[in-house]
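Good morning, and thank you for coming. I would like to take you through one protein chain this morning, from its overall form to a few of its residues.

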Amino acid sequence: MPQCGAGERSARHGSDGGTENDTAMEYANHLKEYAAAPSVEEVAVLTEGMRAASARNLNSEVFRFCYSAIDLTTLACTDSVESVGAFARRCVEFGEHYPHLPNVASICVYPSFVETVGVAVDGTPMRITSVAGGFPSSQTFLEVKMLETAMAIENGADEVDVVLNVGKVMTGALDEAANEIEVLREEARDVVLKVILETGALKTPELIHRASLLAMLAGADFIKTSTGKIDVAATPEAAVVMALAIRDYYRKTGRKVGFKAAGGIRTAEDAALYYTIIEEILGAEWLTTDLFRIGASSAANNLLSAIEGHQVKYY
């Protein structure tokens, strides 16, 4: 998986539970070292080109890869030990029904269900992803975010998806937002850390670009579009901005950060479009499950249908 790394200096947790300002990295000062965000007009032109280019990727090979890159997700208020257990077992049994296809990359659940999934996937290579850190709003105490993240990992999570504090980014408290991620990076030092930007709330290319760089500077292994819990989730426009930021960050640091599209991705065509954006901007070397993921539920059946050539309702 992508190499984990916090900022240039690790935030130190003080005796009062806070982060000591004298050791926290000043992230905002580093943003000027990177290229400026693209304009709305530039993003629109690039996105239009991606839509046209994606036609070449409407094929079984790409659909198979996109299916293998899915973090198969259930994040509903109706989730229970019984329903999540059945969901995970169904995923594990996929190979018995479709031995000619790769399985999904991971199963993504709330932290309280990590152990439930662990029982179902025990003895298999299936990875477990847990949302954490006050998902989906990130609006809780840092100590709570830390504990939730640590408990998810202790219970068996291989990957953790946390949310950047959007309110702090939008009001200019950039160092505070990034230092929270740095602290969570320390809690998750031995697992893959995906940072959700909630691009539908950030809206503008400038804010999405800024949030992307902050998350990467703070040690994210992936940057992720959305929680799927607000009206505007993943968009191709946001993906373009994020991919450009990843490219700029890689050119400067040599560290590859992955991209995850999540929220509102339903069709095989949707998946192929995000695949194309990453292919065009970052290149084929990013098209591995170590660097490209899709957070989805309904898209899994639709990708299977596109691969098999008839309607499939496996999940």
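This is a predicted model: local features need pLDDT of at least 70, side-chain atom pairs count only at pLDDT 80 or more; totals for chains, interfaces and linings use all residues.

Let us start with the overall form. The chain has 13 helices and eight strands. Along the principal axes, its C-alpha atoms fill a box of roughly 60 × 45 × 35 Å. How does the radius of gyration agree with that of a compact globule? For 315 residues, a compact globule would have a value near 20 Å, and the chain has 19 Å, which agrees. Of those 315 residues, 56% count as buried. Let us also consider the contacts in the chain with a separation of 6 or more: residues 24 or more positions apart account for 76% of them.

I now turn to helix 5, which covers residues 114-121. Which of its residues are buried? They are Val114, Thr116, Val117, Ala120 and Val121. Seen down the axis of helix 5, these buried residues fall within an arc of 160°, so they line one face of the helix. The face turned away from that buried side carries Glu115 and Val119, which are exposed. What covers the buried residues of helix 5 includes two helices, helix 3 (81-92) and helix 6 (142-154). It also includes strand 2 (106-109) and strand 3 (127-131). Just after helix 5 comes Gly123, which takes a positive phi of about 85°.

Strand 3 gives us our next residue, Ser130. Is Ser130 buried or exposed? Ser130 has a relative accessible area of 0% and is therefore buried, since buried means under 20%. Leaving aside neighbours within four places in sequence, Ser130 is in contact with residues including Val109, Tyr110 and Pro111. Among its other contacts are Ala152, Ala157 and Asp161.

Next, the cysteines. A disulfide is a covalent bond between the sulfur atoms of two cysteines. How many disulfides does the structure hold? The structure holds zero disulfides. Cys91 is in no disulfide, and the nearest cysteine sulfur, that of Cys108, is 12 Å away. Cys108 is likewise in no disulfide, with the sulfur of Cys91 as its nearest cysteine sulfur. A disulfide needs the two sulfur atoms within 2.5 Å. Cys91 counts as buried, at 0% relative accessibility, and Cys108 counts as buried at 1%.

Finally, the aromatic rings. The structure holds 13 aromatic pairs. Why is the pair of Phe94 and Tyr98 described as stacked? The ring centres of Phe94 and Tyr98 are 5.1 Å apart and their planes lie at 20°, so the pair is stacked; the cut-off for stacking is under 30 degrees. Phe94 is buried, with a relative accessible area of 0%, and Tyr98 is buried, at 12%. Phe94 and Tyr98 form one aromatic cluster together with Tyr67, Phe87, Tyr314 and Tyr315.

Two lysines deserve a mention here as well. The charged end of Lys252 sits over the ring of Tyr34, 5.9 Å from its centre. Lys256 lies over the face of Trp286, at 5.5 Å from the ring centre.

Thank you for your attention.

Conventions: Residues are numbered from 1 along each chain as its sequence is written. Side-chain values use heavy atoms; hydrogens and water are left out. Rings of Phe, Tyr and Trp (its six-membered ring) pair if their centres lie within 6.5 Å; planes under 30 degrees apart count as stacked, over 60 as edge-to-face and the rest as tilted. Buried means under 20% relative accessible area, exposed over 50%, partly exposed in between (1.4 Å probe, protein chains only). A charge sits over a ring if NZ of Lys or CZ of Arg is within 6 Å of the ring centre and within 35 degrees of the ring normal. Helices (H or I, at least four residues) and strands (E, at least two) are DSSP runs, numbered from the N terminus. The arc is that of the directions from the helix axis to the C-beta atoms. Contact means heavy atoms within 4.5 Å. The radius of gyration is taken over C-alpha atoms; the globule rule is 2.2 Å times the number of residues to the power 0.38.
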